[in-house]
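Subject: Handing over a structure

Hi,

Here is the structure I said I would pass on to you. Have a look at it first, and then read my notes below.

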Amino acid sequence: MTEEARHKYEFKKQLEELKSKQGQGTELISLYIPHDKRISDVVAYLRDEHGSSANIKSKSTRDNVQSALESIMSRLKYYKEPPENGMAIFCGAISIGGDRTSMEAITIVPSQPITSFSYRCGSSFETDKLDEMLVDRKTFGLIVLDRREATIGTLKGKKVTALRHLTSTVPGKQRKGGQSSHRFQQLRLIAINDFNTRIGDAANDIFLAIDRNDFQGILIGGPTPTKEEFVKGEYLHHELQPKILGLFDIAYTDESGLGELMDAASDTLTSLEVVKEKKLMERFMRALVSEDGLAAYGEDSVRSNLNMGSVDVLLLSEDLRRSRITLKCQNCDYASTTTVKHRAGEKATLDYGKCPKCQSTLNIAEQVDVVDELSITAEQMNTEVEFISTEFEEGEQLYNAFGGIAAILRYRTGV
């Protein structure tokens, strides 16, 4: 697992937790400070806001906003200047059930620069600027075509999207009675040219609208010689024609053909994370159905194989949200460990119940993120760890069908 992948997972989880927090009024402060903003200017701004907040009618809201502002100003005393990428501070009275609140302050130093100063009060934290940092903006244009139809789409980050589907009026190769062979061939060539022109116009509309800094190139798939004729005919805009990265033989030209094109172009796209992840999932699926049995899935099976050192590659869904909780009795030596699932942005909750030995209260002795726990074990066993996105079909399958945890094994264990 690369440091970048690990950071992305932690950053995504942190944002989900921020989004889950709610205030009882417009009491939650979101503050974005770019690197070139002087701390003294920020503090002066916050002092003005502190003075203005005295006009808030609700006493509880007024007190909470002023307390949050004071907390932020207190934190800023430790900074001579903002970090190189700037910083975001989120502070306010968080609802914790009933009429109770808890004052919390979270500081985030992102991996990408914050470009503008922003201050906002609301009933939830403003995370849009940070959400944008998670978006992979690299975009590829996809075109699949034959004589009957064409589909145009994009590969953005890890997601393939079909955007336009066209059907042709090109007649088949067999002419109808009453037409000369030459006349029929002329009409057919005219229809092919018209269809290719329509494909080019549609692709131009889509691809030229993409930011030039994000647009990486165009992949074209279809049978021979259709795709070659399309490229040689220069039906694409003159700025797009040099962006063609390759032509690939594929069988389908409907929406499913876009995914087939991406698979066919995997060597061209080797630097993309989605291609690496798809290949890992394909390797896992092959291992799962093979007689060797070099695959495992589900937390219990994978955990057992990890502890035995038999896991070569540990596959974890980016959307996996589980906590490993150890409960201990406050009165006797009873202890138990369990895994608790929770939705993205929610903290794990559990009815701890009573000790089965003495009926005393059970308390949490330890709570750890399952991803952290498994990753530490994997590192000790020299096991490769890979995060798998849910933005493509196989990634969704890992999360929904295999519980978000799977493994490719070094040797068969039967566990």
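**What I found**

Val415 comes in the segment that follows strand E16 (405-409); helices (H or I, at least four residues) and strands (E, at least two) are DSSP runs, numbered from the N terminus. Before going on, note that this is a predicted model, in which local features need pLDDT of at least 70 and side-chain atom pairs count only at pLDDT 80 or more, while totals for chains, interfaces and linings use all residues. Residues are numbered from 1 along each chain as its sequence is written, and side-chain values use heavy atoms, with hydrogens and water left out.

**Surface patches**

Back to Val415: its relative accessibility is 47%, so Val415 counts as partly exposed. The cut-offs are under 20% relative accessible area for buried and over 50% for exposed, with partly exposed in between (1.4 Å probe, protein chains only). Together with Met308 and Tyr411, Val415 makes up a nonpolar patch on the surface, and the accessible area of the three is about 280 Å². Areas like this come from the Shrake-Rupley method with a 1.4 Å probe, and for residues only the protein chains shown count as cover. A patch takes residues with over 30% relative accessible area and no salt bridge, joining like charges within 9 Å and nonpolar side chains (Val, Leu, Ile, Met, Phe, Trp, Tyr) within 5 Å.

There is also a surface patch of negative charge, made of Glu4, Asp136, Glu273 and Glu391. For charges, Lys and Arg count as positive and Asp and Glu as negative, with His and the chain ends not counted; the place of a charge is NZ of Lys, CZ of Arg, CG of Asp or CD of Glu. Glu391 sits in the loop between strand E15 (384-388) and helix H11 (393-401). With 45% relative accessibility, Glu391 is partly exposed.

**Salt bridges**

Side chains of opposite charge can pair when their charged atoms come close. I used the rule that a salt bridge is a side-chain nitrogen of Lys or Arg within 4 Å of a carboxyl oxygen of Asp or Glu, and the count by this rule is 30 salt bridges.

Start with helix H1 (residues 3-20), where Arg6 and Glu10 are 4 residues apart and therefore separated by about one helical turn. Their closest N and O atoms are 2.9 Å apart, in a salt bridge. Glu10 also has a salt bridge with Lys13, at 3.9 Å from N to O. That pair is 3 residues apart in helix H1, so Glu10 and Lys13 are again about one helical turn from each other.

Then go to helix H9 (residues 299-308), which holds both Arg303 and Glu299, 4 residues apart or about one turn. Their side chains form a salt bridge at 2.3 Å, N to O. Arg303 is buried with a relative accessible area of 12%, and Glu299 is buried with 9%.

A network of salt bridges links Lys8, Lys12, Lys158, Glu277, Glu318 and Asp319. Of these, Glu318 is found in the loop between strand E11 (311-317) and strand E12 (322-329), and Glu318 is buried, at 9% relative accessible area.

**Cysteines**

How many disulfides does a search of the whole structure find? It finds 0, where a disulfide is a pair of cysteine sulfur atoms within 2.5 Å. Cys329 is in no disulfide, and its nearest cysteine sulfur is that of Cys358, 3.4 Å away. That distance is too far for a bond. Cys329 is buried at 9% relative accessibility, whereas Cys358 is partly exposed at 29%.

**Backbone details**

The peptide bond from Thr224 to Pro225 is cis, with omega near 5°. Pro225 belongs to the loop between strand E8 (215-221) and helix H6 (226-232).

Two residues other than glycine have a positive phi: Gln359, near 65°, and Asn382, near 55°. Gln359 is in the loop between strand E13 (335-341) and strand E14 (362-369), and is exposed at 52% relative accessible area. Asn382 is in the loop between helix H10 (370-380) and E15, and is exposed at 65%.

Cheers
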